[in-house]
Amino acid sequence: MSLAVARKPLRADAARNVDKIITAARQCFREFGPEVPLQTIATTAGVGPATLFRNFADKEELVLAALNRQLRLTVDPVMDGALADIDAAAGLLRVLEALMAAASDDANLLCAVAGRRELLTGITGSLMDSISVLLVRGQGQGSLRPDISMTDMFRLLAMLIGVVDTMEPGSDAWRRPLALVEDAIRTVRPLRPLPVLVPVPAAAAGTPAGPIVGTQQVQ
């Protein structure tokens, strides 16, 4: 999966610097949060600020590069398996699971570019094309609803990624919303209980007791 703007091939030493910067960025975002200064990332990577800015124009470009690399490493292999699977719906759900696991692991990276509507396009590249293949196959097999469009899938994926804002980084609280999405897109609802309910953290809820919807507290 490529970034929205293709990068020119790099010399070996420059490629090593890019790798060190991206690795340091993931470490720093996990340790210090989405507001970590680029200077801290450069120091952690063992490079000067000039080297960082020579490779990444700003924090957003660095964040997108880091997210892009994680998708290549963790989601691409799952997608390859899904495309080879006879059961397209099962393969699609495995891809969504891999995406959500990656989003949870790098929640602070996502927070650093929160609110950007083109975020998914920027970091997923050809992924949505492959999801489209799985969707059409699943609809042809009768396992996925025939009235679902790729616009629906894009929005469902955006909503699922938004779940990371309501949970602790690294949590698997996304499994329950994903199960609900699976119930919605399959033609036959799976016969299984929902994954365990994980309460919304107080910080994400906005108040110590959590938000109130009607007369019920969000849990």
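Asn 55 is buried, with a relative accessible area of 11%. Buried here means under 20% relative accessible area, computed with a 1.4 Å probe on protein chains only. The residue sits in helix α3, which covers residues 49-55. Its side chain has a polar atom 2.8 Å from the backbone oxygen of Thr 51. That falls under the polar contact cut-off, a pair of N or O atoms within 3.5 Å, one able to donate a hydrogen and the other to accept it.

This is a predicted model; local features need pLDDT of at least 70, side-chain atom pairs count only at pLDDT 80 or more, and totals for chains, interfaces and linings use all residues. Residues are numbered from 1 along each chain as its sequence is written, and side-chain values use heavy atoms, with hydrogens and water left out.

Now the whole protein. It holds 12 helices and 2 strands, taken as DSSP runs (H or I, at least four residues; E, at least two) numbered from the N terminus. The order along the sequence is α-α-α-α-α-α-α-α-α-α-α-α-β-β. Of its 219 residues, 42% are buried. Among contacts (heavy atoms within 4.5 Å) with a separation of 6 or more, 65% join residues 24 or more positions apart. The accessible surface is about 11,700 Å², and carbon and sulfur atoms hold 57% of that surface. The area comes from the Shrake-Rupley method with a 1.4 Å probe.

Helix α6 spans residues 88-105. At its start, a side-chain oxygen of Asp 87 comes within 3.2 Å of the backbone nitrogen of Ala 89.

Conventions. Buried < 20%, exposed > 50% of the residue type's maximum accessible area, 1.4 Å probe, protein only. Expected span 1.5 Å × (residues − 1).
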